[in-house]
Amino acid sequence: MTDATAPTPRKNGRWIAILIVVVILVAGAAVAAEFIARSVISNTVRSLVVEKIGLPDDQNVDVELGGVVLPQLLAGRLDDVTITSDDVTLGPITGDVRAEMTGVPVSGGGAADGGTASIRLDEQQLRTLLAQIPDFPSGTVAMAAPDLTFTNELSVFGVGIPVGVSVTPGASNGDLTLTPTGFQLGGNSIDADTLRAQFGGVADVVLRSQSLCFADRLPAALTLTSATVQGQNLVASFDIDGGVLNDPALQRDGSCG
């Protein structure tokens, strides 16, 4: 005897089809909401960067958001925000910038967890920066990874004698440093002791390390941590204090010395 109340295969199939349609619609709505949220936040971040740094309105600024955005919005913090832009001027430095901030509050009223930034300078941009060191022959600077090279003249009895110098870039207490590592005289490699023996105190101009502080022209939240030659570029790396988002003191220029 057949049970008249049992659902027919056709009815079962209809409910399964409806369930599939509902799941697809929900998934589609979630994807659309994620896309909209990601687009709105990216555009907002770009506008703030352009405004705060004083970039041209048509500056190409790319914003990447890590992970799925909607859960982060609900939690009130963005896990990872990466900003990249070429030919950006920050104080005395002009180069290609990449900055990454973590734990960025959605409301904008609190501090981020922290961040890092890097500025990539080509040879001409580096020369412009190093021209700020008094009496430094910045126009002769060239990349020779992992070092930089330049040519200076030692004056002996009024005669200028060219000396090639190799220096390793670095960072100390937030300053850019250039530490001599090798010398060329008359096409031959010589060491510091030999150079000093030949020229005495006159050689000090090429034997001493050079440094450049520009913290007084950058937000106090930025601290130079390293400078390295990578191919045909100098890459300066910075730590970013997460308080830059809400602390006026960190937004103002820092200080030297």
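By class, how many nonpolar, polar and charged residues does the lining of the second largest pocket have? The lining of that pocket has ten nonpolar, six polar and one charged residues, where Ala, Val, Leu, Ile, Met, Phe, Trp, Tyr, Cys and Pro count as nonpolar, Asp, Glu, Lys and Arg as charged, and the others, Gly among them, as polar.

This is a predicted model, in which local features need pLDDT of at least 70 and side-chain atom pairs count only at pLDDT 80 or more, while totals for chains, interfaces and linings use all residues. Residues are numbered from 1 along each chain as its sequence is written, and side-chain values use heavy atoms, with hydrogens and water left out.

On a 1 Å grid over the protein atoms alone, a cavity is a set of points where a 1.4 Å probe fits but cannot get out, whereas a pocket is an open set with protein on both sides within 12 Å along at least five of seven lines; lining residues have an atom within 4 Å of a point. Grid points are joined across faces, edges and corners, and a volume is the space filled by probe spheres set on the points.

| Space | Volume | Lining classes |
|---|---|---|
| Largest pocket | about 1,200 Å³ | 30 nonpolar, six polar, two charged |
| Second largest pocket | about 180 Å³ | ten nonpolar, six polar, one charged |
| Largest cavity | about 40 Å³ | nine nonpolar, no polar, no charged |

In the second largest pocket, Asn173, Gly174, Asp175, Ala215 and Ser255 lie nearest the centre.
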